[in-house]
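The following paragraphs guide a new reader through this structure, from the overall fold to selected details. Please keep the sequence and the model in view while reading.

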Amino acid sequence: MLITHDTECALSILVELLNTAPEACGSEQLPDVTALGAFVVRQEISEIDSLGPQDLAAVQALRGRLREVFSADSTGQAAELVNAIVAEAGTTPRLTNHDHHGWHIHYFAPHAAVGPHLAAELGMALAFIVMAGERERLRRCEAPDCARVFVDLSRNRSRRYCDSRTCGNRLHVAAYRARQRSADQVPAGT
């Protein structure tokens, strides 16, 4: 599957946004406009002029709608969810060349509010994944105590955990220790 640099960047922002929700990490990571502003800066989201309480509410609501795409029962349902998000954002595709990124497409209107901006950009990234028949790449972490999501961009779609250094290692160590305990409990001479 060919994923453009722009789509990969949008998918990265999508995952980071979804993983700010209380259901993903235990507490709200975008509790106020200041946190939203830090998110915008950290994710290098361009053309955002100002942020206010209405922007925070819009992004939090969008976050929930985007998360539904990850748990859609079918490709048709995922497509319906994505279509609604993109349509409500009022996408305005345009070619742009800024910040040494080369020519690429922005799907949001110039200087759109952050909610419609993210809805258009992240919705289109999801649209490309669904259109390519790659919805199975939209995953939830398989660690039993983790609700984070990720997009599996590995060639063979083998990624199982949101982060191999935390969830993956933790589960591998737990499995190793369980095997060691089992080996220690086997009676001698058997």
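Followed along its sequence, the protein chain shows the pattern α-α-α-α-α-β-β-α-β-β-α. This amounts to seven helices and four strands. The model is a predicted one, and the values below are computed from it.

Some totals describe the chain as a whole. The protein chain has 190 residues, of which 39% count as buried. Its accessible surface comes to about 10600 Å², and carbon and sulfur atoms account for 53% of that area. Where contacts link residues at least 6 apart in sequence, 53% of them join residues at least 24 apart.

Attention may now turn to helix α6, which covers residues 114-131. Its 18 residues reach 25 Å from the first C-alpha to the last, a span close to the 26 Å expected at 1.5 Å a residue. Helix α6 is mostly covered, with 13 of its 18 residues buried. After α6 comes Gly 133, which has a positive phi, near 70°.

Is Trp 103 buried or exposed? Trp 103 counts as exposed because its relative accessible area is 63%, and the cut-off for exposed is over 50%.

Technical notes
Residues numbered from 1 in each chain as written. Predicted model: local features only at pLDDT ≥ 70, side-chain atom pairs only at ≥ 80, totals over all residues. Heavy atoms only, no water. Buried < 20%, exposed > 50% of the residue type's maximum accessible area, 1.4 Å probe, protein only. Helix = DSSP H or I, 4+ residues; strand = E, 2+ residues; numbered from the N terminus. Contact = heavy atoms within 4.5 Å. Areas by Shrake-Rupley, 256 points an atom, 1.4 Å probe, with all protein chains shown as cover. Expected span 1.5 Å × (residues − 1).
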